[in-house]
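Notebook open, structure loaded. I want to jot down what I looked up, entry by entry.

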Amino acid sequence: MTEASKPTEPTDKQRRADAYWRSNLRLMAVLLAVWFSVPFGLGIVFVEPLNQFQLGGFPLGFWFAQQGSTYVFFVLVLVYAVRMRRLDRMHDFE
C-alpha cells in the first residue's frame, strides 16, 4: 500500500463539519415534519372538529388550511435562521 492510498484520519475541522452537517439535517427534518403536519393535520385531517370554531369569521379548519400554513412557514423560517446561527457558533463556523 502506497503512502497516498492509506486511509487518513479525519481532521478536527472535518469532524466538526460532519457534526455540523448532521445537526443541520436533523433540524431540517424536524422543521419539514412540522411544516407538513400542521397544514395537513389541522387543515385536512382535523378540519371537521376545528370548523366548529370561528376565526375572523371563517371556520378554523379553513383558516389553518389557507392562512395558518403561511404563518407556520414564516415562523419555521425564523426558527431555522435562529437555530442555524446558534449551530454556526456552537460548531465554530461563524
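I am working on a predicted model, where local features need pLDDT of at least 70, side-chain atom pairs count only at pLDDT 80 or more, and totals for chains, interfaces and linings use all residues. Residues are numbered from 1 along each chain as its sequence is written, and side-chain values use heavy atoms, with hydrogens and water left out.

**Entry: Tyr20**

I started with Tyr20, which sits in helix α1. For helices I take DSSP runs of H or I with at least four residues (strands would be E, at least two), numbered from the N terminus. Is Tyr20 buried or exposed? Tyr20 has a relative accessible area of 17%, so I log it as buried.

Next I asked what Tyr20 touches, not counting residues up to four places away in sequence. I got Met84, Leu87, Asp88, His91 and Phe93, with contact meaning heavy atoms within 4.5 Å.

I moved along helix α1 to Ser23. Ser23 is buried because its relative accessible area is 14%. Leaving aside neighbours within four places in sequence, I find Ser23 in contact with Leu87 and His91.

Asn24 is in helix α1 too. Its relative accessibility comes out at 5%, so Asn24 counts as buried. With neighbours within four places in sequence left aside, Asn24 contacts Tyr80, Met84 and Leu87.

**Entry: salt bridges**

How many salt bridges does a search of the whole structure find? I count 3, using a side-chain nitrogen of Lys or Arg within 4 Å of a carboxyl oxygen of Asp or Glu as the criterion.

Asp12 turns up in a bridge with Arg15, where the closest N and O atoms are 4.0 Å apart. Both lie in helix α1, 3 residues apart, or about one turn of the helix. Arg15 has a relative accessible area of 43%, so I call it partly exposed.

Asp12 also pairs with Arg16, with the closest N and O atoms 3.7 Å apart. That pair is within helix α1 as well, 4 residues apart, again about one turn.

Arg16 then meets Asp92 in a salt bridge at 4.0 Å, N to O. Asp92 lies in the segment after α3 and Arg16 in helix α1, so this pair ties together parts that are 76 residues apart in sequence. Arg16 is partly exposed because its relative accessibility is 24%, whereas Asp92 counts as exposed because its value is 55%. I note that Asp12, Arg15, Arg16 and Asp92 are linked in a network of salt bridges.

**Entry: the largest pocket**

My pocket search ran on a 1 Å grid over the protein atoms alone: a pocket is an open set of points with protein on both sides within 12 Å along at least five of seven lines, a cavity is a set where a 1.4 Å probe fits but cannot get out, and lining residues have an atom within 4 Å of a point. The largest pocket holds about 160 Å³ of space, the volume being the space filled by probe spheres set on points joined across faces, edges and corners.

Which residues line the largest pocket? I listed Met28, Leu31, Leu32, Trp35, Phe73, Leu76, Val77 and Tyr80. The elements giving two or more residues to this lining are α1 and α3 (60-90).

Val45 is in helix α1, which covers residues 12-45. I put Val45 down as partly exposed because its relative accessible area is 46%.

Val47 belongs to helix α2 (residues 47-50). Its relative accessibility is 18%, so Val47 counts as buried. Leaving aside neighbours within four places in sequence, Val47 contacts Leu42, Gly61 and Phe62. I also noted that the C-alpha atoms of Val47 and Arg16 are separated by 44 Å, the residues being 31 apart along the chain.

Key:
Buried < 20%, exposed > 50% of the residue type's maximum accessible area, 1.4 Å probe, protein only.
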